[in-house]
Amino acid sequence: MGAMSTTDEAEQIAPAAAGGPPMTFDGDQVVFELDDLSCYYGDFRAVREISLQVPKNKITALIGPSGCGKSTLLRSFNRMNDLVDTAHITGSVRYHGVDLYADGVDPVEVRRRIGMVFQKPNPFPKSIYDNVAFGPRIAGYRGNMDELVEQSLRRAAIWDEVKDKLKSPGTALSGGQQQRLCIARAIAVEPDVILMDEPCSALDPIATLKIEELMRELRENYTIVIVTHNMQQAARASNFTAFLTMGEDRAGYLVEMAATEELFTRPANRITEDYITGRFG
Amino acid sequence: MTAHTASRPNALTPADLQIGAGRRRRERAIGALFLAAAASSIVISAAIIITLAGNALNFVVQVDPGKLVTDGWFPRRGLYDLATPIVGTLVISGIAMAVATPLGIGAGIYLSEYAGRRSRKILKPIIELLASIPSVVLGFFALAWISPNIVQALFDAPLFNMLAAGIAVGILITPLVASVAEDAMHAVPEYLREASYGLGARRRTTSIQVVVPAAVSGIVAALILGVSRAIGETMIVSMVAGATGGSLFNLNPLDQGQTMTAAMTALAIGSDQVRGAALTFESLYFLGFLLFLMTFGLNLISDAFVRRVRRKY
């Protein structure tokens, strides 16, 4: 569709963008550093040669048209792609300087530090309390579980709505509440990073605004990476934005990354401009 | 078609769209044929139930209640101790479930949660193929191998015993339990597994604490189906459990025993062996009716469980 007409330009600009200076941060501020990362499903390359840095205690948004590999890229940050038999990567993902794909790295340890919130709210068919307590329990948490559950639900801005029905099933909540419960569940294992894969795409606008407000509060303590195809959301809620698109080989690649305001007002790249002004995607 | 419509572009009359009388008759005839096929199984089931219930009632009316509690099940001698075949059935079904529950659920968890796509593709049909081994073959296997090499090797027991029969029945129903349990676990949506892995759960934690609880209704249904099949299993117990036309009451799995099904076959094989004694014939119907009620009840319960798991997702 619209994307077809721009692929030629994409092909011309891509090498320059890929070869240009990536956005960098001070060493102690860098949480993730991707170097030439490509993600494959079998022979198919879904994400091509991405290099970027994700800064600490900020919200970084990944935007781009459907199918450009945003979710695949996000899932390479905590090795969730390992769940797909045929998935593999080339290049590297460094987390606080450690290569997440090095031999001997346990994906379970990775995921305990890098939590995830999914597109569709996915509470377990257990009570609200047990949903939040699941992560700490399996991690062998020895402290006061009631306190941890309450604190996590408070941080996820859902405590007041559920405090009187902690024993009722999490699946009985509304979609927006379920998603905040899932955020509480992710927070309860005290991660360092929260990855969010289109967390609002199944929610109504009011629930969406609540989640965005929550993200801004969580930023104080966590590094957040969010995938969204809602540009207004990226513009409203994020500090930095990386724009990906799909090449002719159907692999997603990074066009540019910048401070969100800059990317949306003065994009360095024609394709970015076309995308954010709604000319394709 | 194009030529046809082009020749008379606007000449559509109501008659053009109407079905011919002959075609309508044929459609009705075919419909009736399929209805008859569907109805026949209902009619046959109803006939079976009526026959069973009628003869069972005859037995209940005529039998001396004192003969229902005796030392054993000897219908030719007019001794109808109901506890003997019922307890025999329960002992053997219990042993069978003790074998089939861990094996079946374990195999189900492996297939659903651990096996890669390729090994699942190979293993699942093999397990389902096991379900098609004729029970008479398993009966021979139980006599020729399980009894001497397992039961007699460990215990002081006769060749014909309830333990060997129970183990063989367990092997028989394991594929059924595995297959139904696997279906239930496979139906647990992927997003629940992702949620679990995303929280830093390992595969075993995800399997045991997320997938199995979410599929519990289906797993219970698999077990109930297994019990129901074990109770109704006839050939293995007739061959291996050791009772002939009659048996003393026995709870010891290392000795011979009588199940409801074996009690029926022991007398009902051949042409006219049953007719002789007074109520022998009717007593078999009574057992058959009890058996029917037990398996029917269990199937209803299992169906309710399956519905519950479907409603949940």
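I began with a crossing: H5(B) and H6(B) cross in a right-handed sense. This is a predicted model, so I read it as such.

Next I looked up which residues make that contact. From H5(B) they are Ser135(B), Leu138(B), Phe141(B), Ala142(B), Ile146(B), Ser147(B), Ile150(B) and Val151(B). H6(B) brings Leu163(B), Ala164(B), Ile167(B), Ala168(B), Ile171(B) and Leu172(B).

Then I took the geometry. The two helices pack at about 130°, and their axes lie 9 Å apart. H5(B) is therefore oblique to H6(B).

I turned to H5(B) by itself. It covers residues 135-154 of chain B, 20 residues in total. Its end C-alpha atoms are only 25 Å apart, while a straight helix would reach 28 Å. I looked for a bend and found one of about 55° at Ile146(B). Pro148(B), a proline, follows within four residues.

Which residues of H5(B) are buried? I listed Ser135(B), Leu138(B), Gly139(B), Ala142(B), Leu143(B), Ile146(B), Ser147(B) and Val151(B). Their cover includes helix H6 (162-186) and helix H10 (235-240) of chain B.

My last stop was Gly104(B), in helix H3 (residues 83-114) of chain B. Is Gly104(B) buried or exposed? Its relative accessibility is 0%, so it counts as buried. I checked its contacts beyond four places in sequence: Gly104(B) touches Thr174(B), Val177(B) and Ala178(B). Gly104(B) and Ala178(B) are 74 residues apart in sequence, yet their C-alpha atoms are 4.0 Å apart in space.

Conventions:
Residues numbered from 1 in each chain as written. Chains lettered and ligands numbered in written order. Predicted model: local features only at pLDDT ≥ 70, side-chain atom pairs only at ≥ 80, totals over all residues. Heavy atoms only, no water. Expected span 1.5 Å × (residues − 1). Bend = angle between axes of the 7 residues up to and from the residue. Buried < 20%, exposed > 50% of the residue type's maximum accessible area, 1.4 Å probe, protein only. Contact = heavy atoms within 4.5 Å. Axes fitted to C-alpha atoms, helices over the stretch in contact; angles between N-to-C directions. Parallel < 35°, antiparallel > 145°, perpendicular 65-115°, else oblique. Left-handed = near helix turned anticlockwise from the far one by under 90°.
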